[in-house]
Amino acid sequence: MVPIEGGTFLMGSPNTEKGRNSDEGPQRRVRVNSFWMGAYEITWEQYTQFLDDNAQNISERSITLRDGSKMVVDGVATATPMYIDMSFGMGKEGYPAINMTQYAAAMYAKWLFAKTGRFYRLPTEAEWEYACRSGSNTAYHFGNDESQLAKYAWFKSNSNEKYHKVGSKSPNAYGLYDMHGNVAEWTMDEYKADYFKSLKGNPSSNPLFEPTQLYPRSVRGGSWMDPAEDLRSANRHGSSKKWKQRDPQMPKSIWWLTDAPFIGFRLVRPKETPSKQEIEKYWLSVMEDF
């Protein structure tokens, strides 16, 4: 985990940025608190520990929070078995885990909290962009020159149609790898096309749009399948039911995406451990998917 000092930044992209989409603005000042973020995307080795665990062993774990209160972490479920090779043969050792739903990614964080006593979660959209920018205000964390992207990212032009081992490109100024490309990353937010118009305050403080519907949920960073403009720091995407197109179940799996080999995640850990009430808002509710 890499320490990220909190601060205020200009979120979104200017009208003049090449490749800009309408859901990236108008730019707003946003403040985020300090947090740690995973230097790398979660790998198959890490995720498989969660898949292989017996949730019953950790269902009654008692955690002491910052205010001295106790919290029992219960309801930690482990994912159903994969019905196809979710890596699609692209490799597992050292490679990012993919094809999990946002719910599955959030449950991994909950499982890790129960295992370690330290609170982890998915980043908010604001935290993700703040960390990706790492102090920059350009299209990419290294500047605006798209020709330099291959030094930092795996994307459509250089990926050979597959993902690659995490950390094999140069990091950003905060020491975070693959913030542009390799695999796109889940955030905690519901995707809102009018995100910036919906923000409260100036600056808006630690915004989070808690999901109220299954689709769309917010994804950031672009992937090995995407063109350069989709890897920009401000670029945003929403999830789609098409990502489960080949899922044979009815209702569809709450754990796996059969058609999203471009999506993974990384975790954050707030510098200040939240209260019990704050923690609970990060556990996603299960929604039926037909």
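1. A nonpolar core here is a set of buried Ala, Val, Leu, Ile, Met, Phe, Trp, Tyr and Cys residues joined through side-chain atoms within 4.5 Å; buried means under 20% relative accessible area (1.4 Å probe, protein chains only). The model is predicted: local features need pLDDT of at least 70, side-chain atom pairs count only at pLDDT 80 or more, and totals for chains, interfaces and linings use all residues. Numbering runs from 1 along each chain as its sequence is written, and side-chain values use heavy atoms, without hydrogens or water.

2. The largest nonpolar core holds 52 residues. Those touching the most other members are Y47, M100, Y108, F113, W186, F265 and L267. Two or more residues each come from α1 (44-52), β6 (70-73), α2 (102-116) and β7 (184-190). Helix α2 gives the largest share, 11 residues. Helices (H or I, at least four residues) and strands (E, at least two) are DSSP runs, numbered from the N terminus.

3. What does Y108 touch? Leaving aside residues up to four places away in sequence, Y108 touches I42, Q46, Y47, F50, F265 and L267. Contact means heavy atoms within 4.5 Å.

4. Another core, of 21 residues, lies apart from the largest one. Its members include F35, A131, L176 and M179.

5. Three strands make an open antiparallel sheet, ordered β1-β4-β12. Pairing requires at least two DSSP bridges between two strands. Twist averages 25° from one strand to the next.

6. Strands β1 and β4 (residues 35-37) run antiparallel, joined by three bridges. V2 stands opposite M37 in β4.

7. Helix α3 (residues 125-133) packs on the sheet and touches β1, β4 and β12. Its direction makes about 70° with that of β4. Axes are lines fitted to C-alpha atoms, for helices over the stretch in contact; angles run from 0 to 180 degrees between N-to-C directions.

Methods: Buried < 20%, exposed > 50% of the residue type's maximum accessible area, 1.4 Å probe, protein only.
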